[in-house]
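The structure is shown first, and the description follows.

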Amino acid sequence: MARARTEGGSPILSQQLLLSVAEELKLPLMQIARQAEQGLLSGRPDLETIQTSAQTALSLLDNYALGVRLSLAPEQLLIEPVSISSVLYDAGHQLDALAKNYGVELELNIAGRYGPVLAHRVGLQAALVSLGAALIEALPAQESPQLKLQLATHRSRYGIVAGLYADTKQLSKETLQRGRKLQRYSRQPLVDLSHTSGAGVFVADTILKAMNLRLTASRHHRLYGLGTVLQPNNQLHLV
């Protein structure tokens, strides 16, 4: 398998990520098989749930493929002014059905008014959707009394932060760092957060790296989350 490398020479794409994606796909495929079997027995298949499971699998594959393309062909990166509120809204819409299946309440939190940020819109949305899907599947295993996930943006001293936040301390810098180290050796590298491979987190990480961005842990309104820092469009004129 071909690998793309960052300027520093470290591999972006790896067999470990591909294995994580393959491992993650088992869950929605098992759900589809189980739901289809129950539908045959009852004569009333739950087509809506089957569709959501299938869409979850397809979305993970599509976003993985996007990360591969952007990493191998960075000339495809079209960096342009993007409305972060629009990206968060569309990402939330994509995640809505999955969240309902897991009993997770999605919230959109736009803290203030912002102008456009510089980003590859499709890549940014794909990263947020991949990250959101992984967190939606992880939240029911946490001890939080309320299963809520916020798609939020806020201003920091480094730029405009966009990410996903919940009331769980496991969404931390230490969990993310440990997961990156364990990804090569473990089927559950985010063991403190998720009982799955957490592939969506690493797919988001790959897409953001291809865009010269970084997946980081952050805090917002007393919630813990993972996201990325984006630069306002007006900084383009300072170069």
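Lys-26 has a relative accessibility of 41% and is therefore classed as partly exposed. The model discussed here is predicted. The partner of Lys-26 in a salt bridge is Glu-23, with 3.4 Å between the closest N and O atoms. Glu-23 is likewise a partly exposed residue, at a relative accessible area of 25%. Both residues belong to helix H1, where a spacing of three residues places Glu-23 and Lys-26 about one helical turn apart.

Helix H1 spans residues 15-42 and also contains Leu-18. With a relative accessibility of 39%, Leu-18 is partly exposed. The C-alpha atom of Leu-18 lies 10.0 Å from that of Leu-61, although 43 residues separate the two along the chain.

**Salt bridges**

Side chains of opposite charge can pair when their charged atoms come close. In the whole structure, seven salt bridges are found.

| Salt bridge | Closest N to O separation |
|---|---|
| Arg-178 and Asp-192 | 2.5 Å |

Arg-178 and Asp-192 form a salt bridge in which the closest N and O atoms are 2.5 Å apart. This pair links distant parts of the chain, 14 residues apart: Arg-178 is in helix H5 (residues 173-182), whereas Asp-192 is in the loop between H5 and helix H6 (199-210). Arg-178 is partly exposed, its relative accessible area being 37%. Asp-192 is also partly exposed, at 35% relative accessibility.

Is Asp-205 buried or exposed? Its relative accessible area is 6%, and because buried means under 20%, Asp-205 is buried. Arg-180, at 22% relative accessibility, counts as partly exposed. Through salt bridges that share partners, Arg-180 and Asp-205 are joined with Lys-209 in one network.

Conventions:
Residues are numbered from 1 along each chain as its sequence is written. This is a predicted model: local features need pLDDT of at least 70, side-chain atom pairs count only at pLDDT 80 or more; totals for chains, interfaces and linings use all residues. Side-chain values use heavy atoms; hydrogens and water are left out. Helices (H or I, at least four residues) and strands (E, at least two) are DSSP runs, numbered from the N terminus. Buried means under 20% relative accessible area, exposed over 50%, partly exposed in between (1.4 Å probe, protein chains only). A salt bridge is a side-chain nitrogen of Lys or Arg within 4 Å of a carboxyl oxygen of Asp or Glu.
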